[in-house]
Amino acid sequence: MPLYSYEAEDAKKSCEYCRNGFTIAQSLKDEKLAHCPQCGAPVAKVIKAPALRHSQTDLHYRAKRAGFTALKRVDKGTYEKMY
Ligand SMILES: [Zn+2]
């Protein structure tokens with residue numbers, strides 16, 4: 001089942017459960033939540049980008065920024081510095 005994240009629309013009218021957001025498994029047939037299941041405060045759907053997906057380019061970029069040296073294997077036993 002897909003996971004959906006919701007967060008209280010108004011932090012003042014929220015409980016501990018929805019104040020910082022919660023994630024709930026819902027089937028596609030289910031209607032989206034409008035209210036917190038715990039306190040009934042209005043909640044809004046939060047779109048979260050998948051956190052653990054990085055492209056190769058991004059990883060290289062991060063490594064470079066972190067000061068790592070990436071070695072590319074160019075031939076048997078030969079490595080070339082990429083940066
Ligand atoms: Zn709540």
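Buried here means under 20% relative accessible area, exposed means over 50%, and partly exposed lies in between (1.4 Å probe, protein chains only). This is a predicted model: local features need pLDDT of at least 70, side-chain atom pairs count only at pLDDT 80 or more, and totals for chains, interfaces and linings use all residues. Residues are numbered from 1 along each chain as its sequence is written, and side-chain values use heavy atoms, with hydrogens and water left out.

**Stop 1: the zinc ion**

Select the zinc ion. The SG atoms of Cys15, Cys18, Cys36 and Cys39 coordinate the zinc ion at 2.3 to 2.4 Å. Donors are N, O and S atoms within 2.8 Å of the metal (3.2 Å for Na, K and Ca); water is not among the atoms, so sites may look incomplete. Along the chain, the donors follow the spacing C-x2-C-x17-C-x2-C.

Now select Cys15 and Cys36. Cys15 sits in the loop between β1 (3-8) and α1 (16-19), and Cys36 in the loop between β2 (22-25) and β3 (43-46). Helices (H or I, at least four residues) and strands (E, at least two) are DSSP runs, numbered from the N terminus. The two cysteines are 21 residues apart and link distant parts of the chain. Both Cys15 and Cys36 are buried.

**Stop 2: the rings**

Select Tyr6, Tyr17 and Phe22. Ring pairs link these residues, Tyr6, Tyr17 and Phe22, into a cluster. Rings of Phe, Tyr and Trp (its six-membered ring) pair if their centres lie within 6.5 Å; planes under 30 degrees apart count as stacked, over 60 as edge-to-face and the rest as tilted.

Tyr17 is partly exposed, at 33% relative accessible area. Phe22 is buried, at 5% relative accessibility.
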